[in-house]
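Me: I'd like to learn how to read salt bridges in a model. Can you walk me through some?

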Amino acid sequence: MSVVKINVLTVPAEQRETLEKRFASRAHAVESSDGFEWFELLRPVEGTDDYLVYTRWRDEESFQAWMEGPMKAGHQGGGGAEGAERPKPAASGSTVWSFEVVQQAAPKEA
């Protein structure tokens with residue numbers, strides 16, 4: 001079954017809009033990656049500054065290939081002119097949680 005990666009990003013309140021805009025500007029960047037199944041950016045509602053970046057992959061190899069290829073390339077450059085300074089990270093901390101999907105359910109057809 002699939003694997004799930006959840007990147008826990010600690011984002012101070014004053015950086016939330018910046019983080020969300022950066023994700024929006026890279027929308028669809030992961031969707032064509034081999035083995036990619038799902039993405040969600042989850043905004044905290046109360047009690048925490050942690051955003052959750054949820055991705056689901058066919059297998060660990062697909063995730064690792066994305067990490068070493070498109071994701072790495074997308075985070076190395078400044079996105080602008082050559083030699084441009086890279087923007088400061090919006091998150092003040094990051095942790096990745098890894099899970100294997102052992103059971104799942106979907107809504108029943110009406």
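Reply: Here is a short tour of the charged pairs, then one arginine. This is a predicted model, where local features need pLDDT of at least 70, side-chain atom pairs count only at pLDDT 80 or more, and totals for chains, interfaces and linings use all residues. Residues are numbered from 1 along each chain as its sequence is written, and side-chain values use heavy atoms, leaving out hydrogens and water.

Me: How many salt bridges does the structure hold?

Reply: Side chains of opposite charge can pair when their charged atoms come close. The cut-off here is a side-chain nitrogen of Lys or Arg within 4 Å of a carboxyl oxygen of Asp or Glu. The structure holds six. Asp-34, Arg-58 and Asp-59 are linked in a network of them.

Me: Which residue does Glu-60 form a salt bridge with?

Reply: Lys-5, with the closest N and O atoms 2.8 Å apart. Glu-60 sits in helix α2 (60-76) and Lys-5 in strand β1 (3-10), so the pair ties together parts 55 residues apart in sequence. Helices (H or I, at least four residues) and strands (E, at least two) are DSSP runs, numbered from the N terminus.

Me: Are Glu-60 and Lys-5 buried or exposed?

Reply: Buried means under 20% relative accessible area, exposed over 50%, partly exposed in between (1.4 Å probe, protein chains only). Glu-60 is partly exposed at 29%, while Lys-5 is buried at 7%.

Me: And what does Arg-22 touch?

Reply: Contact means heavy atoms within 4.5 Å. Not counting residues up to four places away in sequence, Arg-22 touches Pro-87, Lys-88, Pro-89 and Ala-90.
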